[in-house]
Amino acid sequence: MAPHIGTLGRVRRVGLLLLFLVVSVVAIKVAVDLVRMLLLVSTSPVNGDANGYATVARAMLNGFRPYVEMELTKPPGIFLLLALSLDLTGSELLATWGQMATYVVFPLLCTFFSFSVCRERWWSLWAMVLIMATFIASAILVLYTEERGGALQPEGFGYFFSMVYAFLLLHTGLRSRLSIAGASAALLGSIGMKEPFLFINLAIALLLTPSWRDLPRTFLLPLTIAGSVGVLVLSILGLL
């Protein structure tokens, strides 16, 4: 019996080592694809829907007031971001670099959280496999979003802000004023890019909030703050 148990243990260790090697190769491949995508985004011209967003943003800098003078179906987030980029850099450069930053920071946030969960035994093969698998999954999500939506799309920014909200909720439980302020900013960023992210953020809160009694703190309060700030900013800019 003892030799049989020892054989099973060796088989498991070899299998785990092979899994570690396979996941390592996949992680390297995904990282290379991510770098290639970033280089492509940084050198590609703005096209598709992003051209229309940039046109509205340029008009805003010349006094045009969207939603007041013309009905638009998109929330103001992408227009304001592009208008800021055009005002500061004369092009979409700032917005493009912001998009690229979300592509880099999102996998890093997910990997950091996975590492923090496994920090007591991060050197074990299982922990390293989990950390690398988290990086792979988050990087694939970034690659998929870029492939389906393209650069400078509201979805590309919105999902990032929603994931920041999820990260803050998981990591802090929104038990401090600073974390609530960060969650409010994340909700404002995601919903300001596209309205359906409201329901995605609600789903995140329902999944990650330990008790229904905590929902006012983890979702309703930051949502109210985000909505109030959004209305105030739009009023100041004359967009309401």
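Rings of Phe, Tyr and Trp, taking the six-membered ring of Trp, are treated as a pair if their centres lie within 6.5 Å. The model discussed here is predicted, and by this rule it holds 5 aromatic pairs. Among them is the pair of Phe112 and Phe167, whose rings are tilted, with 6.3 Å from centre to centre and 50° between the planes. This pair links distant parts of the chain, since Phe112 belongs to helix α4 (residues 93–117) and Phe167 to helix α6 (residues 154–172), 55 residues apart.

Phe167 also pairs with Phe113, and here the arrangement is edge-to-face. Because Phe113 lies in helix α4 and Phe167 in helix α6, this pair ties together parts that are 54 residues apart in sequence. The two pairs are set side by side below.

| Pair | Centre to centre | Angle between planes | Arrangement |
|---|---|---|---|
| Phe112 and Phe167 | 6.3 Å | 50° | tilted |
| Phe113 and Phe167 | 6.2 Å | 75° | edge-to-face |

Through such ring pairs, Phe112, Phe113 and Phe167 are linked into a cluster.

Which of the words buried or partly exposed applies to Phe167? Phe167 has a relative accessibility of 15% and therefore counts as buried, because buried means under 20% relative accessible area. Phe112, by contrast, has a relative accessible area of 43% and is partly exposed, and Phe113, with a relative accessible area of 23%, is partly exposed as well.

Methods: Residues numbered from 1 in each chain as written. Predicted model: local features only at pLDDT ≥ 70, side-chain atom pairs only at ≥ 80, totals over all residues. Heavy atoms only, no water. Phe/Tyr/Trp six-rings, centres within 6.5 Å; stacked < 30°, edge-to-face > 60°. Helix = DSSP H or I, 4+ residues; strand = E, 2+ residues; numbered from the N terminus. Buried < 20%, exposed > 50% of the residue type's maximum accessible area, 1.4 Å probe, protein only.
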